[in-house]
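Dear colleague,

Here is the structure I promised to pass on to you, and my notes on its surface, pockets and charged pairs follow below.

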Amino acid sequence: MFLPIMTFLYCLLLSLLINPLECLTSSEWGTSGASYTDEYESYTTAYINITYRDGLGRVHSDKSEIGKFGEAHVGYAVGILVHVKNDVTGDASGCHLPLKPSFGKQFPRGEPWIALVKRGGCNFQIKVNNAAAMNATGIIVYNDRESNNLDKMKLTKFPQSRNMSAVFTYKWKGEELARLLDNGTRIIAKITIASHCNRPYTNINRTSVLFVSISFIVLMIISLAWLIFYYVQRFRYIHAKDRLSVSR
């Protein structure tokens, strides 16, 4: 009886702490007339469309909503995907010039290309600026740690970045693409807008959630202790009653 009640109270408290997330697709955003103030945290997710041929000539294509645009520019980008490394150290973070492809000697000429780099080593802005300096039309930064959440990259509209589309994606996806590119696979990548999401800012932090969780655990312990005490007393009462009936 007590467990369902405690669970309900816990879920009710959490629902009061967590603000709802509202997302609109790119088509809905254009027709909704939605307007948000500084009271909302806003970000845009991205579709990453990948097309390539394997060693047997079979075409593989995948389109997934697994990216999040950076702050500076949100827009379409298409080109040959290139895993970028430092020309001297071989570092894949894209932090230090000069850069080179992980496979081959030079970047694509006469056609657009998108840089693939790993998080870490420097801030996101340096990665974007370096990719722009090498004439990339876009950049995909993949995480250097396992996480279910995607960060929104802090970027500014510097002239050298030319409003270049920059997208952050998961570690597993970046490593998967990096392996293909390092083996010489030619990949065509497209970055498109998926959804615009807005979440109200909240003053509730992890400490509040922790407090609610601890309170729930304490209530559960008290309820369990009361139940144990109740059944022990009942058992003693029944046992004493049986002894009296036998003695008579």
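Which residues form a nonpolar patch on the surface? They are Leu210, Ile214, Val218, Leu219 and Ile222, which together have about 450 Å² of accessible area. Before you read further, please note that this is a predicted model, in which local features need pLDDT of at least 70 and side-chain atom pairs count only at pLDDT 80 or more, while totals for chains, interfaces and linings use all residues. Residues are numbered from 1 along each chain as its sequence is written, and side-chain values use heavy atoms, with hydrogens and water left out.

A patch here is made of residues with over 30% relative accessible area and no salt bridge, with like charges joined within 9 Å and nonpolar side chains (Val, Leu, Ile, Met, Phe, Trp, Tyr) joined within 5 Å. The areas come from the Shrake-Rupley method with a 1.4 Å probe, and for residues only the protein chains shown count as cover. One member of the patch, Ile214, is found in helix α5, residues 206–247 (helices are DSSP runs of H or I with at least four residues, strands are runs of E with at least two, and both are numbered from the N terminus). Ile214 counts as partly exposed because its relative accessibility is 47% (buried means under 20% relative accessible area, exposed over 50%, and partly exposed in between, with a 1.4 Å probe and protein chains only).

A pocket is found on a 1 Å grid over the protein atoms alone, as an open set of points where a 1.4 Å probe fits, with protein on both sides within 12 Å along at least five of seven lines, and lining residues have an atom within 4 Å of a point. Grid points are joined across faces, edges and corners, and the volume is the space filled by probe spheres set on the points. Strands β2 (40–53) and β3 (59–69) each supply at least two residues of the lining of the largest pocket, and β3 gives the largest share, 4 residues. By class, that lining has 4 nonpolar, 4 polar and 5 charged residues (Ala, Val, Leu, Ile, Met, Phe, Trp, Tyr, Cys and Pro count as nonpolar, Asp, Glu, Lys and Arg as charged, and the others, Gly among them, as polar).

The second largest pocket holds about 260 Å³ of space, and of its 15 lining residues Ile80, Leu81, Val82, Phe103 and Pro108 lie nearest its centre. Its lining divides into 8 nonpolar, 5 polar and 2 charged residues.

Finally, the whole structure has 8 salt bridges, each a side-chain nitrogen of Lys or Arg within 4 Å of a carboxyl oxygen of Asp or Glu. In one of them, Asp151 pairs with Arg119, with the closest N and O atoms 2.8 Å apart. This pair links distant parts of the chain, 32 residues apart, with Asp151 in the loop between β7 and β8 and Arg119 in the loop between β6 and α3. Asp151 is partly exposed at 33% relative accessibility, whereas Arg119 is buried at 18%.

Best wishes
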